[in-house]
Amino acid sequence: MINALSNVISHSNLGITTKFSNANFNQVEKVLPLAVDEFQKRANKPGQFLNWVDLPKHQLERVDELYTMAENFKNQKETEFLTILGIGGSKHTVEHMLGVNGLNLDDKIKFYSDVDSTSLDRFLARIGGNITNSKFLVASKSGTTYETEDGMNRMRTKLTETYQAKGLSEEDAKKEMAKHFIAVSDANKDISRLRRLSNSENWIGDLYIHDDVGGRFSSLDDHALFTLAYAGMKKEDMIKMLNAAQEMSKIALSKDLEKNSPLMQAAFWAGNKLAGIIDGIHVYLGDMFRSTVTMHAQMQNESMKDTAKSILLGAECMHHTSEAMYNPANKYSFMFTAPADHGEAAENVKGYTDAITKANEAVGPSILETVETQGLGLKPETAGALTQLRAFATVYQEILEKLTNGIEMPNVLESVLQPHVEFYKKNLKPDGGNIPPVVAGRISK
């Protein structure tokens, strides 16, 4: 069984092929079916933070609504830009989806997640020095994420003041300000301060961060899909993308190990780690993956907290990282994700990919993952399937390691939780009734 799996798993309809070389599957082989059982019994259950498993299926029912909302938001106020106010998963997932779908080239979608004055001034310069040039999508489940709330309040203040300077009353200026905003938050106003603000100021639309979908697993949630629709993704392509993502969920929960590429990619990383190869390097080839690198790094670092994996963008990384990657004193596992090139550079890309793959295979366990392209990014089917594959493989790695080491499974998997971020967040809150160290949107005099 493993001999066959250690070669190639192909999903031709989804545009993804995975080739394994020198993988250390022996220690994890016996627990592979058990890992599927473990995932199946948790998927889509309340409190397990795995509702992203069937999220594509549910989002397919909302495609028309999302496109109508995007069009209404465009028509409500004429602006040149849409700015995403969010941090972490609320930002990197959107950047990733724009990049792999080839929709991040005209620079009409901006991002702001900073808290310092210089970054604010730089953002304002990028939108031409005129705050009314942009609409704002605010993404925060609770509405209390300081970095996001700070940016939102500053933009609200600047817009209100700008409209007042044009002669509007404060009340009318606030009404015009509100036309620039749309919220992505918890649907429950009792839980979300952002939802209460959106309702009170009559912001357009109802976009949601779905329950039990953690930020780093939210690439197919409303903030990303709405932005894709706003940026011009064809509706039929979004439907293809979501159907393919749901198909990958079906594959990932199957015990047909000849086809379950998410499980076997996780087995690759877990097996190598158990064999003593702790460090891994995953290189993505091509500019479309520039933001995927950041999204995947966040997913990896927040989920597999005791594993060092470098996630890099090629070809620019290959020269300056090779000294460490191919130093015989170091031990790495390698993964190389490359486009199936059909353009004028196709022959060279194949040769380049072969050269990197041969180098990786010569010094350690390796995966070559080939993905299908279309236009300025991936095929929509490939974008959806690849995104879902990454999420499954990340969680499966934890399950496999625990099963192999005989570690009792926690009530909620550690790979979907984020407990340590509170280590700094608690210091942003008031101590004993004192004035808090930070006040979102506070203007320093």
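**The nonpolar cores**

Begin with the largest nonpolar core, which has 72 residues; F39, W52, M238 and Y396 have the most contacts inside it. A nonpolar core is a set of buried Ala, Val, Leu, Ile, Met, Phe, Trp, Tyr and Cys residues joined through side-chain atoms within 4.5 Å. Buried means under 20% relative accessible area, exposed over 50%, and partly exposed in between (1.4 Å probe, protein chains only). Helix α12 (residues 261-274) supplies the largest share of this core, seven residues. Helices (H or I, at least four residues) and strands (E, at least two) are DSSP runs, numbered from the N terminus. Next, select the second, separate core of 22 residues, which includes L124, F136, M155 and L194.

The model is predicted: local features need pLDDT of at least 70, side-chain atom pairs count only at pLDDT 80 or more, and totals for chains, interfaces and linings use all residues. Residues are numbered from 1 along each chain as its sequence is written, and side-chain values use heavy atoms, with hydrogens and water left out.

Return to M238 and display its surroundings. Contact means heavy atoms within 4.5 Å. Leaving aside neighbours within four places in sequence, M238 is in contact with V63, Y67, L225, L228, A229 and M233.

**Helix α10**

Which residues of α10 are buried? They are D222, H223, A224, L225, F226, T227, L228, A229 and Y230. Because nine of its 10 residues are buried, α10 is largely enclosed by the rest of the structure. Just after α10, G232 adopts a positive phi of about 110°.

**Aromatic rings**

Rings of Phe, Tyr and Trp (its six-membered ring) pair if their centres lie within 6.5 Å; planes under 30 degrees apart count as stacked, over 60 as edge-to-face and the rest as tilted. The count by this rule is 19 aromatic pairs. One of them joins F226 and Y230, a tilted pair at 6.2 Å centre to centre with 35° between the planes. These two residues lie four apart in helix α10 (residues 222-231), and are therefore separated by about one helical turn. F226 is buried at 0% relative accessibility, and Y230 is buried at 11%.

Move to Y284 and F289, whose ring centres are 5.2 Å apart with planes at 45°, so this pair is tilted. Both residues are buried. Then select F39, W52, F217, F392 and Y396, which ring pairs link into a cluster.

A charge sits over a ring if NZ of Lys or CZ of Arg is within 6 Å of the ring centre and within 35 degrees of the ring normal. K74 lies over the face of Y230, 5.1 Å from the ring centre. The charged end of K309 sits over the ring of W269, at 3.7 Å from its centre.

**Helix α15**

Select T353, located in helix α15 (residues 346-363). T353 is buried, with a relative accessible area of 8%. Not counting residues up to four places away in sequence, T353 touches L285, F336, A338 and L368.

**The whole chain**

Finally, zoom out. The secondary structure of the chain comprises 17 helices and 12 strands. The C-alpha atoms fill a box of roughly 75 × 55 × 45 Å along the principal axes. Buried residues account for 55% of the 445 residues.
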